[in-house]
Amino acid sequence: AFSLQKTPTSEIDTWCNITLASSFNLNGLYGKLTKLINVNDSILAFQDKALSVINFNNRTALSTESGVPIEIANSGKVNGYSVISSNVGCQNKQSICQASSGVYFIDDYNKAMYGFNKEGLSNISSKGMSMWFKKNLTGKEKTFYDSLTNDVYVTNANDCLVFNEGLQSFTSFMDYNDINALFNFNGYSLML
């Protein structure tokens with residue numbers, strides 16, 4: 001379910017006004033909803049065994065008699081969803097991280113790391129680390145994105161594997177383990 005847009009001068013809190021027209025269901029055959037995330041103005045829905053795009057505020061291009069295209073929005077409505085993959089999903093919301101070009105996540109069922117961006121879905125672990133993911137995933141991995149170095153850190157209690165987004169390659173193992181948070185401040189990357 002979702003609420004209407006909040007406006008500061010409204011007498012009624014529209015966030016608390018959820019109508020039956022403001023809800024829809026994902027396919028339960030793909031498991032529970034793990035996380036919703038906004039990537040490049042698209043809302044991604046992660047389920048245990050599926051990745052979908054929620055069709056929100058779709059725009060339709062129409063041409064007029066003079067041949068000039070105009071664009072019409074649908075007033076912020078949700079028109080269902082489109083399944084990107086029904087065999088790749090995510091079971092752990094802490095293993096999903098948003099990066100500059102898209103989103104990275106780990107699928108524990110397939111024992112692999114995936115990336116999704118404007119070009120589509122790709123298996124990141126197939127870039128030389130397939131066996132490591134098959135042997136070392138615990139289901140408790142966390143991923144973090146360092147915007148200063150464009151690195152994605154995949155951590156668990158024992159390891160920290162680094163994937164560089166610019167190189168599109170795994171670059172190293174770090175001796176960090178079980179990171180709770182990573183953020184950038186004044187040109188430094190700080191980990192907790």
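Visitor: What makes Cys160 count as buried?

Guide: Buried means under 20% relative accessible area, exposed over 50%, and partly exposed in between, with a 1.4 Å probe and protein chains only. Cys160 has 0% relative accessibility, so Cys160 counts as buried. Please keep in mind that this is a predicted model: local features need pLDDT of at least 70, side-chain atom pairs count only at pLDDT 80 or more, and totals for chains, interfaces and linings use all residues. Residues are numbered from 1 along each chain as its sequence is written, and side-chain values use heavy atoms, leaving out hydrogens and water.

Visitor: Why is Cys97 called buried?

Guide: The relative accessible area of Cys97 is 6%, so Cys97 is buried.

Visitor: How many of the 192 residues count as buried, as a percentage?

Guide: Of the 192 residues, 35% count as buried.

Visitor: Which residues touch the most other members of the largest nonpolar core?

Guide: A nonpolar core is a set of buried Ala, Val, Leu, Ile, Met, Phe, Trp, Tyr and Cys residues joined through side-chain atoms within 4.5 Å. The largest one has 16 residues, and those touching the most other members are Tyr104, Met113, Phe133, Val152, Leu161 and Phe170. At least two residues of this core come from each of β8 (102–107), α1 (130–136), β12 (151–155) and β13 (160–164). There is also a second, separate core of 14 residues, including Ile37, Cys90, Ile96 and Tyr114.

Visitor: Why is the pair of Phe46 and Phe105 called edge-to-face?

Guide: Rings of Phe, Tyr and Trp (its six-membered ring) pair if their centres lie within 6.5 Å; planes under 30 degrees apart count as stacked, over 60 as edge-to-face and the rest as tilted. Here the centres are 5.0 Å apart and the planes lie at 70 degrees, so Phe46 and Phe105 are edge-to-face. The two residues are 59 residues apart, with Phe46 in strand β2 (residues 42–47) and Phe105 in strand β8, so the pair links distant parts of the chain. Phe46 is buried at 0% relative accessibility, and Phe105 is buried at 0% too.

Visitor: How many aromatic pairs does the whole structure hold?

Guide: Seven aromatic pairs are found. Ring pairs also link Tyr104, Trp132, Phe133, Phe163, Phe170 and Phe173 into a cluster.

Visitor: How do you know which strands pair with β2?

Guide: Two strands pair if DSSP finds at least two bridges between them. Strand β1 (residues 33–39) and β2 have six bridges in the antiparallel sense, with Leu36 bridged to Ala45 of β2. β2 and β3 have five antiparallel bridges, and Phe46 has Leu51 in β3 as its bridge partner.

Visitor: What makes Asp48 count as buried?

Guide: Asp48 has a relative accessible area of 13%, so Asp48 is buried. Asp48 sits in the loop between β2 and β3 (50–56). Beyond residues up to four places away in sequence, Asp48 touches Tyr30, Gly31, Lys32, Thr34, Gly89, Cys90, Gln91 and Tyr109, where contact means heavy atoms within 4.5 Å.

Note on methods. Helices (H or I, at least four residues) and strands (E, at least two) are DSSP runs, numbered from the N terminus.
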